[in-house]
Structure formats: structure tokens, C-alpha cells
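Here is a protein to explore, one piece at a time. Have a look at the model, then follow along below.

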Amino acid sequence: MSERFSLNPDWYFKESFDEGDTAGQELSIYRKIDLPHTVKELPYNCFSHDETAMRSSYVRKLTVPEECRGKRAILEFMGVMARYELYVNGQFVSEHRGGYSRSRAEITGYLKDGENTIFVMVDSSEDPQIPPFGKTIDYMCFGGIYRDVNLIFTEETFIEDILARYEMEDGRVSLFPEIRIDHFGGAFDAEAVVTVRDADRQIVKRFSRFVRIKSGHSCPVLDRESLEDVHPWNIDNPYLYEVSVELMCGDRILDRKSVRTGFRTVSCRPDGFYLNGVKVKLIGLDRHQSFPYAGYAMPERCQRADAEILKNELHVNVVRTSHYLQSEGFLDRCDELGLLVFSEIPGWGCIGDENFKANSHQDIQDMIITQYNHPGIFIWSIRINESADDDEFYAKSNEIAHDLDPSRPTTGVRCIKHSHLLEDVYAYNDFIHRTHEVKHYRELVLVNQQAVTGLDYKVPFIVTEYSGHVYPVKPFDGEERKLRQAQIHALVQNANYARNDALGAIGWCAFDYQTHGDYGSGDKICYHGVSDIFRVPKYAAYVYSSQVDPEEEIVMEPCTLLARGENDDNKPIPFMVCTNCDYVEVELYGRSIGKFFPSLVYCSLPHPPIMVDEDPGHWADLWKGGTVIGYYKGKKVARRTYPRNAYLADLVVKLDDTRLHNTVADATRIVATFVDQCGNPLPYYNGIVQVETSNNLRVVGPEIIATVGGHIGFWIRTKPTGREETGAVTVRALNTKIPEKQFMIKLTPDPGVRCL
Ligand code: GAL
């Protein structure tokens with residue numbers, strides 16, 4: 001039976017490569033590192049976009065455990081940017097091209113008794129044969145072994161993957177799993193025993209089928225078995241099942257593998273998106289997987305945390321994995337939370353030569369095989385984002401996707417109109433509301449689908465980007481600019497809710513991200529997010545978060561600093577309140593200036609923002625600060641107070657987690673925000689924060705950091721010791737009298753992970 005070990009800890013790394021390095025000698029010139037790893041930590045901004053392009057060397061020493069001697073050994077890389085060559089004990093084993101896909105290599109014949117040397121040459125230059133490279137790209141791809149590496153020991157027969165294929169109708173599931181097997185030896189018949197467990201781990205079905213196992217790779221599909229009374233997976237109740245397969249030869253278990261899945265139907269129709277037969281308006285955001293300093297190289301907990309922000313804080317129901325395969329941890333969390341996923345292959349604008357096309361087709365296969373069981377994924381996006389038509393290339397792409405997965409629709413994201421629709425859904429990045437083209441942007445928000453497709457009939461259609469570069473907003477921008485970004489998002493989502501000819505709209509984008517010099521704000525950051533790169537919300541984020549049902553959570557976020565001098569004419573009004581309250585009451589000049597109700601400009605939204613647009617005061621009046629009070633069902637449910645004499649009062653420090661694992665590196669985010677005496681953030685305070693850590697915890701990036709817009713986020717990462725420990729994090733607001741804050745973080749081994 002196969003066993004999996006993590007190889008994340010204890011690597012050696014150097015920022016160069018020579019042909020003579022592949023035997024992994026001269027380790028004294030290497031640095032000791034742990035995975036996930038970036039070839040170079042970058043500054044927060046203003047780096048050179050070439051800094052991570054290099055050929056680098058990774059070495060790992062390895063002794064095969066006694067109990068695994070004589071077994072087959074398979075190395076598994078979950079993500080290496082962008083190409084690697086693998087050598088074991090100085091001998092070349094294999095090469096992989098593609099920075100976002102899982103790859104495996106059998107190393108059995110290369111291993112010896114005693115210590116072995118794994119050497120990986122990582123090439124993180126932008127090779128035009130590997131998507132998304134070839135021209136310009138509006139995102140950084142970084143470099144390195146930035147996701148997990150595992151070593152799998154197995155007998156002759158190895159279950160590589162299980163695709164839990166099924167069809168579902170009226171609560172009844174017809175299950176016919178495909179077992180992807182890699183077998184060393186002659187062909188034979190084996191028994192596949194399938195066990196299905198529900199969310200309480202109760203067995204709901206057990207059945208077996210005989211399968212022919214061939215030499216090398218084979219993919220038998222089992223005859224159907226039905227499951228009754230299945231709990232469907234949906235966005236409010238993301239019910240998950242486990243499907244396990246044991247391959248038996250007589251009484252001997254050859255291999256066993258379990259996958260998690262959920263059962264649901266998806267259907268994309270010209271009039272909308274249907275989940276289990278029920279129409280759901282898709283409202284979502286695009287996501288890049290990068291973080292400050294470490295780029296892509298952040299442990300799975302941080303990837304998972306992004307899914308939590310999208311679902312639990314921004315309350316969207318769909319995310320697009322723009323523009324590449326995202327981590328299994330992220331996709332797993334989307335399944336657990338009930339977040340739908342629009343999953344996309346790597347690419348950005350350019351279609352390269354025949355090798356590029358072959359690599360893109362490989363990406364489609366890798367995406368579908370590794371991500372097949374995620375119930376959250378409802379569609380495969382198989383075009384190079386915003387590329388020109390190339391019917392031969394894309395007809396093949398579509399065929400590959402449909403052959404591997406007839407159960408999900410395909411699409412491809414376009415920025416061009418009248419593109420040839422070869423897939424099931426026309427996806428379009430609609431930036432019509434860009435203000436320099438359309439002065440009265442309020443009137444022209446989204447384009448009619450038939451004006452986009454050029455067809456004289458309606459097709460399944462989705463908007464996959466809007467806003468973004470049309471209106472970038474920095475965390476330290478003025479209130480008016482932040483408000484305008486929020487209004488653009490509100491206008492587009494309002495039109496999304498009003499129209500009946502689209503599945504939904506996904507906005508550009510969730511979080512600010514690092515980019516190449518061709519794009520961004522001159523400092524290599526694209527400030528297109530509704531939240532900044534630290535995942536701290538801007539006003540636009542509240543347009544989304546306030547759409548939640550008030551019975552679940554009350555949201556009242558005034559898009560204002562309520563400071564007289566921040567706006568034109570020395571007036572704090574008008575401002576907008578993103579809220580799901582019935583109305584708000586505003587107090588200024590020491591008295592109520594009235595009640596304000598949801599704006600009719602956005603009346604198709606479930607909870608339209610409220611415009612506060614009347615200021616009865618005069619600039620010479622004594623400014624007494626103000627209060628915004630939210631009412632729901634006649635009761636006061638939310639209150640925000642803005643003092644007249646706001647001054648720096650505190651540094652509020654919030655940790656996402658106080659318990660971390662240390663079998664392999666783990667990490668969590670901390671956000672420090674300077675606030676006034678009423679707890680309001682002070683975006684124009686230029687603070688400096690110092691972070692100190694103890695006991696095998698380290699700060700990712702610098703330890704003395706300047707705030708960006710009055711706050712700063714940073715990540716704390718564990719060193720893999722596998723010991724129970726308590727680490728401390730101390731945060732100081734330099735040059736202030738604010739007392740330092742200290743937090744204890746409990747570090748424990750992860751019982752689910754074994755390292756070698
Ligand atoms: C799109 C592109 C995205 C991003 C966005 C900025 O054209 O697909 O990757 O660059 O523009 O608004």
C-alpha cells in the first residue's frame with residue numbers, strides 16, 4: 001500500500017546553477033531552507049520584475065526508511081515555478097514545464113542504500129514556450145519550489161488518482177469512479193472495493209467491481225452503482241462525502257486511496273446559472289494567489305484563509321482562479337465553505353508556438369485530473385485569458401476538456417467581441433464603464449450579451465472582470481477615490497442582479513497584487529483589489545460584504561472618514577454607507593440630520609448602499625464630529641462614532657490564528673492598524689511597526705515595517721521542529737507611547753503529516 005511523506009523541511013538552496021552541481025556536492029555554499037520557498041524574497045513594492053528570474057539549485061538528502069526498502073518511490077511536486085530538471089544521485093530523471101501544475105516522477109531505479117541526493121534545477125525565467133509567458137503579463141510569477149513536495153512509497157500497483165465520476169437526478173446519484181492506476185508488472189484482474197462515507201464518516205455504500213489492470217498506466221471506469229437520498233452540495237450547505245477505493249488481489253490490499261467530493265448538478269443556461277436545479281445569481285471576485293515578500297511561497301493555511309475571506313467576510317458566492325491552477329488547499333477550503341470556483345489554466349493575452357500550445361493542452365489535462373473531485377468547481381476555463389481567436393488550437397482545448405470531464409461546462413475568457421464561441425459559455429471581461437471612454441458611466445455599465453457575442457440568439461454568458469485597471473485605488477488614497485471605486489462595483493453588481501441574460505459577474509479583483517513594470521502604479525503593485533495586498537478591505541469590499549442577510553450578520557460600513565477637510569468644499573457629505581440595515585440615521589453638529597434609506601440607483605442589489613447626501617451645516621460651524629446609526633427591524637443594531645478631535649490612541653493588532661503547526665512550515669497573518677480614541681482607522685497616520693518573534697517563529701519579510709494607509713499586514717511563519725512549543729510575537733508602535741502588544745502562539749506537530 002502506498003504511503004506518503006512530506007519532503008518540505010530540510011532543503012539546501014543556492015541562487016545559481018552550474019552543470020556540475022547536479023550531484024549535490026559542496027553544500028557549504030548552499031543555504032538551509034524549508035518549503036514552500038521563493039528563490040528571492042522581494043520588498044513590499046518597487047522591486048525589479050527580473051529579480052526572481054534565475055536558474056537555481058535545490059538539494060535534499062534522503063535515506064529510505066527501513067520499512068519502505070524495495071518499494072517503488074514516486075516524487076510529487078505540487079507547484080514549481082516555472083520549469084525544473086530532477087536529478088537523483090547525479091543522474092537525470094525528468095523535466096517538468098509549467099509553474100502551476102502537479103507533477104510526479106518515479107525515482108525507484110535511481111535510489112541506493114544509505115544517503116541519497118535529490119537535486120532540482122529550477123528555472124524561473126520567463127520561457128515563452130511555457131504559459132503564461134511570451135509577451136507582457138499583468139502579474140508576477142516569482143520562482144521556486146513554492147508548494148509542497150511529497151515522496152510516495154508504493155507496491156507495484158499505485159492508485160495515482162480517483163475521479164469520482166457521477167450523474168445525479170432527483171437526489172439519486174449514479175456513481176462510476178474512474179481509477180487511474182500506474183502498475184509495474186504484467187496485466188491482471190483485481191477487485192476494486194469502493195466505500196462511500198458521509199460527512200459523519202458513516203458508510204452509506206460499499207460495493208465492488210472487477211477491473212483489468214494493465215502494465216503501465218490504465219484508467220478503468222467502474223460500472224455504475226446508485227446512492228439514494230444523497231445530501232446535495234450547495235453554497236449554503238456544502239455537504240461533503242468521501243469516496244475510498246481499495247484495490248484487492250484476493251485478500252491482499254494492493255493500494256488504497258480516498259478522495260473527498262460533493263454531489264451536485266450545475267447547469268449554465270442563457271438565462272442564468274442553476275445549482276441543483278435552483279437559479280443562483282453569481283456574484284464574485286477574481287483572485288491572485290500572491291502575498292507580499294514571499295510571492296507565491298506561502299503555506300496552505302494562507303491559501304485557505306483567502307477562501308475564508310471571500311466567503312465569510314466578502315460574502316461572495318464565486319471566485320475565479322485568475323489566471324492559473326490554484327493550490328489544493330485553496331480549492332479544498334472553497335468546497336468546505338460552499339464557494340463556487342471558476343477554474344482557469346495559466347495564460348495572459350499571448351498564444352505562443354506549437355510547444356506553448358502543447359504545454360497549454362497539458363495544463364488543461366493537469367487541471368482537470370487534479371481538480372476533478374472539487375464540487376465547488378463548476379466550470380473549466382480553457383482559453384489563454386484575453387487571447388485572440390485560434391479555432392484550431394481552441395477546438396482541441398475544448399475537446400480535451402470535454403473528453404476528460406463531460407460533466408462540467410467549458411469556457412474561455414475574452415476581451416474581444418464577436419469571438420468564435422467553441423465552448424459552452426461565453427466569458428467576457430467587460431470594462432465598458434471605464435470613465436475615459438464613457439463620460440456618463442452611470443448610464444453605461446455593462447454591455448448587452450448579444451452586442452458582445454455578435455450572435456442573433458442568447459447563449460450562456462458570464463462577466464469575468466470589471467473595474468480593475470479602470471479605477472485603481474491605493475490604501476492611502478483619499479476618501480473620494482475609494483468611494484468612487486465602491487460605486488463602480490455597486491453599479492456593475494446592480495446591473496448584474498438586474499439582467500436576466502448572464503450567469504453573473506466576477507469583479508477584478510479580490511486583492512491587490514504584484515505585477516510587471518508594464519502595469520501597476522509605477523511601484524509594481526496593481527491596486528485593483530477591493531482589498532489591499534494584506535487582504536484589508538477598501539470601501540469597495542463593503543459593497544460585497546453588505547449583501548449578506550442581516551439575520552446572519554449586520555454590516556454597516558460608512559465609506560467616509562467623516563472629516564471636514566477630506567472632501568471638496570470642506571464638507572464631509574455626500575458619503576455612502578454600505579449596509580444591510582433598513583436605514584441609517586446620521587448625527588452631525590450635535591443633532592440628528594435625518595434618516596437615510598437604500599439608494600434607488602442600486603435598487604437591484606439585495607442590499608443597496610445608502611447615500612447620505614444632505615449637509616445642513618456651514619463650514620464655519622463648530623465641527624462636533626458625528627455618528628452613523630444603523631436600524632434593522634426598528635432597532636438600533638450598529639453605530640459608528642467619529643470624534644471631532646480624532647487623535648492617535650492605539651494600535652489594534654489582530655491575529656488570524658493563535659495555534660500553528662510545525663511538522664512542516666505553517667504561517668498566519670497579523671494585521672496592525674493605528675486607530676483613534678473611538679477605534680476608527682487612521683489611514684493617514686504614517687506609523688512604523690516593529691515585530692519581534694521567539695521560539696522558531698519568524699516574520700516573513702522585514703521586522704521593521706512602515707504602515708501603508710495607516711495599517712500593515714505581515715505573516716509569521718513556523719520553523720519545522722515537530723516539537724510542542726509556545727512562540728511569542730511582540731508588536732511595537734515605534735515613536736509612540738502606545739504600549740507594546742504581545743501574543744502567544746501555540747506550536748504543535750500536525751498529526752496528519754509525516755516527514756522524511
Ligand atoms: C484584464 C486582465 C487581468 C488584469 C485586469 C486589470 O484585462 O485579464 O489580468 O490585468 O485586466 O483590470
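## How the chain is divided

Which domains does the domain assignment of the protein give? Before we get to that, keep in mind that this is a predicted model.

- domain 1 runs over 3-146
- domain 2 runs over 157-261
- domain 3 runs over 276-545
- domain 4 runs over 556-642
- domain 5 runs over 650-748

## Around the ligand

Now let's zoom in on the ligand. It has 13 residues around it, and the closest are Asp-138, His-323, Trp-348, Glu-386 and His-469. If you sort this shell by class, you get four nonpolar, six polar and three charged residues.

His-323 has a polar side-chain atom 2.6 Å from an oxygen atom of the ligand. With Trp-348, an N or O atom of the side chain sits 2.7 Å from a ligand oxygen. So how much of the ligand does the protein cover? Taken on its own, the ligand has 310 Å² of accessible area, and the protein covers 94% of that.

## Where domain 4 and domain 5 touch

Next, pick out domain 4 and domain 5. Their C-alpha centres are 33 Å apart. Five residues from domain 4 and four residues from domain 5 make up the contact.

Between domain 4 and domain 5, the buried area is about 350 Å², with 56% of it coming from carbon and sulfur atoms. On the domain 4 side, the residues touching domain 5 split into two nonpolar, one polar and two charged.

What about links between the two? There are zero salt bridges between domain 4 and domain 5.

Notes
Residues numbered from 1 in each chain as written. Predicted model: local features only at pLDDT ≥ 70, side-chain atom pairs only at ≥ 80, totals over all residues. Heavy atoms only, no water. Near = heavy atom within 4 Å. Polar contact = N/O pair within 3.5 Å; in protein donor to acceptor, adjacent residues only side chain to side chain. Areas by Shrake-Rupley, 256 points an atom, 1.4 Å probe, with all protein chains shown as cover. Nonpolar A, V, L, I, M, F, W, Y, C, P; charged D, E, K, R; others polar. Domains from an automatic or database assignment. Contact = heavy atoms within 4.5 Å. Buried area = accessible area lost by both parts, 1.4 Å probe. Salt bridge = Lys/Arg side-chain N within 4 Å of Asp/Glu carboxyl O.
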